[in-house]
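Work through the exercises below with the sequence and the structure open. Try each task before reading its solution.

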Amino acid sequence: MEAVGWIATPIISELFKECSNYLKFDASKKLRQLGPKVILLERAIEVFEKIPDRARLEQLFVDLKIAFYEAEDILDDVEYHCLEKKIQDGKFKCNGGASPRKRDWVMNKVRSASLSSPLENKVMVKYDGGVSQRKRDWLKNKVQSASMSSLLKNKETGMSKNNLKASLEKIEEIINSAFEFLERLNLPILIDDNGIRPVPADSAVAATTSIPPQVVIGRDKDCDKIIAMFHENKGVVNTNNDLCYTVIGIHGIGGSGKSTLAQLVCDREKKNKQEKGNGHFELIMWVHVSQSFTVSAILEEIFEAATRSSCPQLNNLSTLHDKLVEVLYGKRFLLVLDDIWYNSEDDRKREELQKILSPLKAGRAGSKILVTSRTKGALSVLGAAEPRCIPISDLDDNVFLDLLMHYALEGTNIDDCTRRRLKAIGTDIAKKLNASPLVARIVGGRLGRRPNAEFWSSVKKGKLLDGTISAALLWNYHHLDQQARRCFAYCSIFPRRHRLYRDELVNLWVAEGFVRSTNEGEEMEDVAQGYFDELASTSFVQPGGMDYSDKEYYVVHDLLHDLAEKVSGSDCFRIENGSRWIIDLWRGKNPGGEGWRGDIPQDVRYLFVQNYDEDLIIEKILLLKNLRTLIIYAVRGFVQVKEEVIDSIFKKLPKLRVLAIALSRERHALVNKPDVLSLPESIIQLRHLRYLAFRTSTRCRVILPSTLTKLFRIHLLDFGQCEKTEFVGGDLINLRHLFSCPKVNRSISNISRLTSLQTVPFFTVRKEHGYEISQLRDLNKLHGKLCINGLENVKSKAEALEANLAAKEQLTILMLDWESNSDWDDATDCNPEVQAEVLEGLCPPVGLQTLEICHYNGSWYPNWMVSKQNGGPWYLKELWFDGCSQLRSAPVLEAFVHLGSLRVWNCSWDALPGNMEHLASLKKLEIYKCLNILSLPTLPQSLEEFKLVECNGEFMDSCQKVGHPNWKKIEHIPMKRWRFV
């Protein structure tokens with residue numbers, strides 16, 4: 001029952017509100033009836049282990065989860081048909097995504113059932129309480145009969161209203177039955193002192209106090225630093241001159257010792273006041289804020305901390321504010337606000353924090369506010385200047401070991417020999433704890449109960465998650481954002497230490513529906529990246545290094561992987577069939593058949609398969625009717641992917657949201673056979689599909705079915721290295737990412753309607769309808785890299801302006817190429833004047849980071865490049881010229897004052913830009929195969945690297961000859977590299 005958090009009032013609320021749009025009922029009335037019952041269910045989950053006969057309640061949660069899944073599928077079908085009708089009627093406008101953001105938010109909330117299942121058991125438990133078997137059968141039959149009914153077809157959606165209505169009734173019936181079951185139990189643990197059944201917003205978090213632990217190890221230096229800030233008269237100037245206080249903040253991940261450090265600081269100030277009789281601060285106050293708080297509650301706690309008496313019952317926040325002002329007026333105080341939570345996207349939370357600060361302005365100059373938070377952003381919102389935002393420091397290995405041993409053996413009566421032996425074992429245990437003081441405290445406490453070498457050795461060798469460390473890890477897990485928790489749990493489908501790539505995970509999370517945003521205009525990928533950043537900053541995913549293509553990847557620590565498996569329940573499953581086959585292939589061996597013979601839970605929703613296995617798919621996977629994700633990571637080089645198997649997947653797994661065949665980035669793991677693969681027309685069955693990755697090698701040609709354009713919900717298409725296929729955008733109005741090799745992208749046509757596109761790395765202009773450069777005009781959500789080939793087929797500046805590149809503000813890399821290198825016969829030469837006009841019209845967005853200009857032969861360079869008043873890419877960091885054939889000097893680069901890298905390859909210029917000494921940010925200069933350049937201009941002192949490759953021999957010699965003018969111009973550069981022909 002640890003994976004809670006999905007049965008919440010907002011889920012019920014938004015689900016019923018959305019359905020009411022189709023069924024025309026009063027959602028507010030229904031929510032008033034269900035709201036208190038759902039709150040009781042939340043409380044029951046929190047104390048689940050203390051409930052007698054909990055198998056009955058457990059089955060109710062199983063039923064409720066299934067009911068949510070059913071409702072979600074119905075709503076998804078409703079939206080599909082609405083979208084289809086809009087397209088058929090020609091009512092769809094090309095202004096971005098087709099589905100309302102609020103609808104996506106609802107779907108995301110509903111999907112939380114998938115990865116926050118409260119169950120670890122995978123077997124259905126019979127029970128004689130809650131919903132009777134007869135009533136359950138009745139509900140089941142009602143849903144089935146509703147799906148068979150075609151009498152009440154909704155003309156707008158094409159779906160049966162009865163189906164949707166029956167699903168909501170089923171959810172309501174289960175909630176009512178669970179409530180009745182709990183009511184009959186009348187458990188005291190569900191009732192507070194006032195006879196009310198509350199749901200503590202932060203049940204996983206114990207409120208902190210100002211009392212520090214008896215012993216604090218390794219924090220003296222940090223404590224001294226903060227106390228010095230309390231008493232200093234000089235330093236960072238408070239720009240808000242009207243404020244009497246200064247904010248100092250401590251930030252770090254959960255369990256890292258922030259509160260302990262604050263307690264130590266607070267305790268020292270209290271002792272100082274007691275010893276001197278009149279300390280620096282007249283009032284020392286401690287308030288634990290936590291994730292969910294109200295302004296009134298915090299102000300009441302500050303009042304009580306300041307007066308040491310209870311706060312009078314006040315019905316007005318303004319009155320409370322005034323009372324607190326009276327108490328603080330003219331007094332120098334120290335206020336500790338412990339455990340502040342802040343989301344930069346939550347404007348309401350920002351306003352509430354400011355309201356808390358308002359009465360504090362009444363204090364005396366020199367007052368201090370000490371804040372602890374997991375995020376640095378919370379400190380900034382409260383007014384902490386950068387030098388006063390203190391990251392909690394990591395404990396030295398020896399200090400951390402001392403901390404662990406203190407919690408384990410303090411006060412234990414053992415002989416010195418045993419103590420030394422236990423410390424040796426403890427050294428290895430400490431290495432597993434990620435230097436977390438919280439984990440050291442919990443694990444140390446458990447070790448101290450059995451101070452013998454046998455037990456300690458078993459802990460060292462065993463899975464600590466099965467012991468006490470789970471509490472600490474769950475403490476961190478429950479403090480993640482609700483959606484981030486689902487995203488983390490999803491990672492359990494991947495094998496241990498699997499390489500995780502940020503962008504790939506983000507796209508999967510979006511496709512699965514784990515991402516929600518209430519801010520209009522905010523892209524789901526940006527929100528998902530925020531979840532990833534949260535997981536990375538709290539070490540739930542950790543940097544693993546760089547892969548063979550210099551792309552950064554992440555891994556999940558083994559202990560955290562155990563946690564992900566636990567909280568995902570039976571919804572996630574992976575099959576690691578033949579883990580050594582890649583090694584065998586590298587060694588030239590045939591891995592042979594390694595069939596997987598285990599059982600797959602029938603209620604699994606998200607499935608990862610290490611290697612493609614036709615028998616496994618046919619015999620087991622096709623039976624998983626509720627499957628939403630099928631990721632087959634690799635396809636062995638000698639294994640043929642048969643069209644009939646793919647056809648069966650399309651027909652028998654209609655609820656798939658994600659389908660990935662050969663998701664691996666390794667070339668030898670892509671689809672190689674057959675030489676020609678036709679995806680079946682039955683792909684139309686996958687109306688829920690958002691993510692289709694079919695990564696093939698260069699030798700495999702993929703023929704796409706015409707029905708692919710009917711997958712209106714598709715977000716991502718990935719064809720790997722496939723060079724031979726043709727793609728027509730058609731009606732894929734929700735398509736956000738299209739990945740394939742350049743040759744496939746040269747076959748992309750009619751993409752102008754795909755205004756949700758964020759990724760289309762290559763686009764080739766051709767002299768055919770559907771391939772005009774104007775196809776890019778409205779694709780203003782493009783992110784990352786864009787390469788435009790075939791620019792010789794653009795005939796005027798006006799035509800170039802149709803690309804509207806300046807409006808594509810989220811592009812970071814742009815390549816403009818006048819040589820298509822294609823197999824098409826329509827490429828034509830373009831005279832230098834036309835090329836110059838075209839480049840003038842292709843002005844990039846102001847935030848572009850990298851610009852590459854290839855095979856340009858224009859008569860001049862555009863104003864946005866050579867003039868400071870250009871409106872072009874002002875923040876450009878890297879500029880690359882390749883194959884530019886003008887027999888003249890390079891352009892003067894007045895516009896790019898932030899340029900850090902300049903590459904000149906295969907250009908016929910006779911000189912580099914003459915103003916290079918003014919490029920004060922330039923750090924790298926690379927010249928490759930430029931045979932006409934014989935001398936260097938004066939170079940900026942900022943240069944750190946100079947590379948000269950296969951240029952004119954005399955020129956290269958002169959650059960290495962001491963005293964030569966060329967040598968003198970590069971003498972100051974630390975790193976110089978040469979390569980001759």
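A residue is called buried if its relative accessible area is under 20%, exposed if over 50%, and partly exposed in between, using a 1.4 Å probe and protein chains only. Helices (H or I, at least four residues) and strands (E, at least two) are DSSP runs, numbered from the N terminus. The model is predicted: local features need pLDDT of at least 70, side-chain atom pairs count only at pLDDT 80 or more, and totals for chains, interfaces and linings use all residues. Residues are numbered from 1 along each chain as its sequence is written, and side-chain values use heavy atoms, with hydrogens and water left out.

**Exercise 1. The whole chain**

State how many helices and strands the chain has, and what share of its residues is buried.

Solution. Step 1: the secondary structure comes to 30 helices and 27 strands. Step 2: the chain has 981 residues, and 55% of these count as buried. Step 3 concerns contacts, where contact means heavy atoms within 4.5 Å. Among contacts between residues at least 6 apart in sequence, 69% join residues at least 24 apart.

**Exercise 2. Helix 21**

Explain why helix 21 is described as largely enclosed by the rest of the structure.

Solution. Step 1: list the buried residues of helix 21, which are Leu-559, Leu-560, His-561, Asp-562, Leu-563, Ala-564, Val-567 and Ser-568. Step 2: helix 21 spans residues 558–568, and eight of its 11 residues are buried, so the rest of the structure largely encloses it. Step 3: look just past helix 21, where Gly-569 has a positive phi of about 65°.

**Exercise 3. The two sides of helix 11**

Find which residues of helix 11 are buried and which lie exposed on the other side.

Solution. Step 1: in helix 11 (residues 347–357) the buried residues are Lys-349, Glu-352, Leu-353, Ile-356 and Leu-357. Step 2: these residues cover an arc of only 145° around the axis, which places them on the same side of helix 11. The arc is that of the directions from the helix axis to the C-beta atoms. Step 3: Asp-347 and Glu-351 are exposed on the other side of helix 11. Step 4: the cover over the buried residues includes strand 1 (245–251), helix 9, strand 3 (333–340), strand 4 (367–373) and helix 12 (376–381).

**Exercise 4. Helices 9 and 10**

Describe how helix 9 and helix 10 are placed relative to each other.

Solution. Step 1: the axes of helix 9 (residues 295–307) and helix 10 (residues 317–328) come within 10 Å and cross at roughly 25°. Axes are lines fitted to C-alpha atoms, for helices over the stretch in contact, and angles run from 0 to 180 degrees between N-to-C directions. Step 2: apply the classes, in which angles under 35 degrees are roughly parallel, over 145 roughly antiparallel, 65 to 115 roughly perpendicular and the rest oblique. Helix 9 and helix 10 are therefore roughly parallel to each other. Step 3: the residues of this contact divide into 10 nonpolar, two polar and two charged. Here Ala, Val, Leu, Ile, Met, Phe, Trp, Tyr, Cys and Pro count as nonpolar, Asp, Glu, Lys and Arg as charged, and the others, Gly among them, as polar.

**Exercise 5. Two neighbours of helix 14**

Classify the angle of helix 14 with helix 13, and then with helix 16.

Solution. Step 1: the axes of helix 13 (residues 397–409) and helix 14 (residues 416–430) come within 10 Å and cross at roughly 125°. Helix 13 and helix 14 are therefore oblique to each other. Their contact residues divide into eight nonpolar, two polar and three charged. Step 2: helix 14 and helix 16 (residues 453–461) pack at an angle of about 10°, their axes 9 Å apart. Helix 14 and helix 16 are therefore roughly parallel to each other. This contact has six nonpolar, two polar and three charged residues.

**Exercise 6. Positive phi**

Solution. Step 1: most residues other than glycine have a negative phi. Step 2: Asp-339, not a glycine, has a positive phi of about 65°.
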